[in-house]
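Work through the exercises below with the sequence and the coordinates at hand. Each task is followed by a worked solution.

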Amino acid sequence: MRDWFGIGGVTDERELIPAQARQQIFTQSGLHDDLNPLKIAVRESVDSAANPNSTPIILAVDETGSMGVLAEVIIKKGLGTIMEEIYERKPVTDPHILCMGIGDAFSDRAPIQVTQFEASIVLADQVKNIYLEGNGGGNGGESYLLAHYFAAFKTKCDAQVKRKRKGYLFTIGDEAPHPKLTRDQVKTFIGDDVEADLSAKDLLGVLSPNWEVFHLIVKPSYPEAVTKWVELLGERAIQVADHEKLAEVIVSTMQVIEGHDADKVIKSWSGDTSLVVQKAVGGLTKSATAAGVHRL
């Protein structure tokens, strides 16, 4: 396996850093300037000689409470698995991955944190700068809509502009989405002035022409969270029985959406991974092609 992130001392070929306590990996005690959306004009996924057909992929991970483990899973295993399997299975070309930490805009100081789009070892260091605030409001939801807003209005991707090809946006967590993103929250945490609050459906309508949008519901989750995500995304609200298999589910999801046979994708994995992938993507259907860059 390629050492995508150049971090030595691994105990497993898929593990990107040595086994450490979460607090030893994520040492930030506040929002890092490099990840602060207030200091970001736009995040770009740009074609290059090394990546001439770039595909933007956003992984927006819930970092509240017990979900802080997801950030650890993503950096220790997920990024390497995703990169390796995309290059081997080829569901998309030249992946550029951007990671976000997502919290609760009603209670947190840093409910959205954003890396660059990267296809190199730089991304691992950026992810380690995510501040695991670990709060959440205990109010039946998290601010996943901040990720939707950022993807819709604060990214510029050659795949979408030059080739009319969609990127992939995965939010990941165990809570429901808040039903709206308020104009004050947009101003406070991203710095944009918008005329009114934005509903989840409003944002999804803006995203859909340019992004394949999914939410991975990490078990154990709340039944009402599953219901609300299914109401918003339908079959693209995907329940993941084992958070250690998030990377495999993400790659498999892209394969199915890009037209690979779901049964073959499921059977390509072994053991418990195959079972988790089957439950996650067995009901997915191939994406209908949509083109064009659409903004509010």
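**Exercise 1: the α4/α7 packing**

Leu145, His148, Tyr149, Ala151, Ala152 and Phe153 of α4 are in contact with Ala200, Leu203, Val206 and Leu207 of α7. The model is a predicted one.

Task: Describe how the axes of α4 and α7 cross, and state the handedness of the crossing.

Solution. 
Step 1. Two packed helices are described by the angle between their axes and the distance between the axes.
Step 2. For α4 and α7, the axes come within 9 Å and cross at roughly 30 degrees.
Step 3. The α4/α7 crossing is left-handed.

**Exercise 2: the buried face of α7**

Task: Find which residues of helix α7 (residues 200-207) are buried, and what they pack against.

Solution. 
Step 1. Ala200, Leu203, Leu204, Val206 and Leu207 are the buried residues of α7.
Step 2. These buried residues line one face of the helix, because they fall within an arc of 160 degrees when seen down the axis of α7.
Step 3. An α-helix has 3.6 residues a turn, so residues three or four places apart point the same way.
Step 4. The buried residues of α7 pack against α4, β6, β7 (180-181), β8 (198-199), β9 and α8.

**Exercise 3: histidine 148**

Task: Decide whether histidine 148 is buried or exposed, and list its contacts beyond the neighbours within four places in sequence.

Solution. 
Step 1. Histidine 148 is located in helix α4.
Step 2. Its relative accessibility is 0%; the cut-off for a buried residue is under 20%, so histidine 148 counts as buried.
Step 3. With neighbours within four places in sequence left aside, histidine 148 is in contact with Leu169, Thr171, Leu203, Leu207 and Val213.

**Exercise 4: two aromatic pairs**

Task: Classify the ring pair of tyrosine 144 and tryptophan 229, then that of phenylalanine 170 and phenylalanine 214.

Solution. 
Step 1. Five aromatic pairs are found in a search of the whole structure.
Step 2. In the pair of tyrosine 144 and tryptophan 229, the ring centres are 5.4 Å apart and the planes stand at 65 degrees, so the pair is edge-to-face.
Step 3. Tyrosine 144 is in the loop between α3 (122-127) and α4 (145-153), and tryptophan 229 is in helix α8 (residues 223-233), so this pair ties together parts that are 85 residues apart in sequence.
Step 4. Both tyrosine 144 and tryptophan 229 are buried.
Step 5. For phenylalanine 170 and phenylalanine 214, the centres are 5.1 Å apart and the planes are at 15 degrees, so this pair is stacked.
Step 6. Phenylalanine 170 belongs to strand β6 (residues 167-173) and phenylalanine 214 to strand β9 (residues 211-218), so the pair ties together parts 44 residues apart in sequence.
Step 7. Phenylalanine 170 and phenylalanine 214 are both buried.
Step 8. Tyr168, Phe170 and Phe214 are linked into a cluster by ring pairs.

Technical notes. Residues numbered from 1 in each chain as written. Predicted model: local features only at pLDDT ≥ 70, side-chain atom pairs only at ≥ 80, totals over all residues. Heavy atoms only, no water. Phe/Tyr/Trp six-rings, centres within 6.5 Å; stacked < 30°, edge-to-face > 60°. Helix = DSSP H or I, 4+ residues; strand = E, 2+ residues; numbered from the N terminus. Buried < 20%, exposed > 50% of the residue type's maximum accessible area, 1.4 Å probe, protein only. Arc of directions from axis to C-beta. Contact = heavy atoms within 4.5 Å. Axes fitted to C-alpha atoms, helices over the stretch in contact; angles between N-to-C directions. Left-handed = near helix turned anticlockwise from the far one by under 90°.
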